[in-house]
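Here's a quick tour of a protein model. Have the viewer open and follow along.

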Amino acid sequence: MRSRDTFTSEQRRAQLVDAAIAVIAEHGYPAASVAKIADHVGIAKSVALYHFRTKDELVAAVTVAVFTTAAGHIVPAIAAAG
């Protein structure tokens with residue numbers, strides 16, 4: 001049962017990261033509150049704060065996700081060019 005809880009938590013965190021990216025893209029960083037991000041997902045702000053204690057923590061996860069995705073495209077392109 002524990003692994004299912006972890007899977008669900010990871011899925012919710014990924015969902016919140018995706019929502020944060022969408023809300024930041026649409027409204028800009030200053031207007032992208034945790035409440036607005038949670039609303040985008042259709043959950044309560046408290047649920048979002050359960051998974052990410054602060055907006056800064058959520059944005060740090062966004063940064064990791066964006067850079068990881070970018071590296072997945074950039075590194076093979078550089079390797080192919082070299």
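Predicted model: local features only at pLDDT ≥ 70, side-chain atom pairs only at ≥ 80, totals over all residues.

## Starting point: Asp56

Where is aspartate 56 found? Aspartate 56 sits in helix H4, helices being DSSP runs of H or I with at least four residues, numbered from the N terminus. Its relative accessible area is 56%, so aspartate 56 is exposed (exposed is over 50%, buried under 20%, partly exposed in between, with a 1.4 Å probe and protein chains only). From the C-alpha of aspartate 56 to that of valine 34 is 9.7 Å, although the two are 22 residues apart along the chain.

Residues are numbered from 1 along each chain as its sequence is written, and side-chain values use heavy atoms, leaving out hydrogens and water.

The average pLDDT (the predictor's confidence in each residue, from 0 to 100) is 92 for the protein, and 93% of the residues score at least 70.

Helix H2 covers residues 34-41, and its buried residues are Val34, Ile37, Ala38 and Val41. They span an arc of only 100° around the axis (taken from the directions from the helix axis to the C-beta atoms), which puts them on the same side of H2. Just after H2, glycine 42 has a positive phi of about 90°.

## On the surface

The whole structure has 1 salt bridge (a side-chain nitrogen of Lys or Arg within 4 Å of a carboxyl oxygen of Asp or Glu). Arginine 53 and glutamate 57 form a salt bridge, at 3.2 Å from N to O. Arginine 53 is exposed at 66% relative accessibility, whereas glutamate 57 is partly exposed at 26%.

Isoleucine 21 belongs to helix H1 (residues 2-27) and is partly exposed, with a relative accessible area of 34%.

Definitions and conventions: Helix = DSSP H or I, 4+ residues; strand = E, 2+ residues; numbered from the N terminus.
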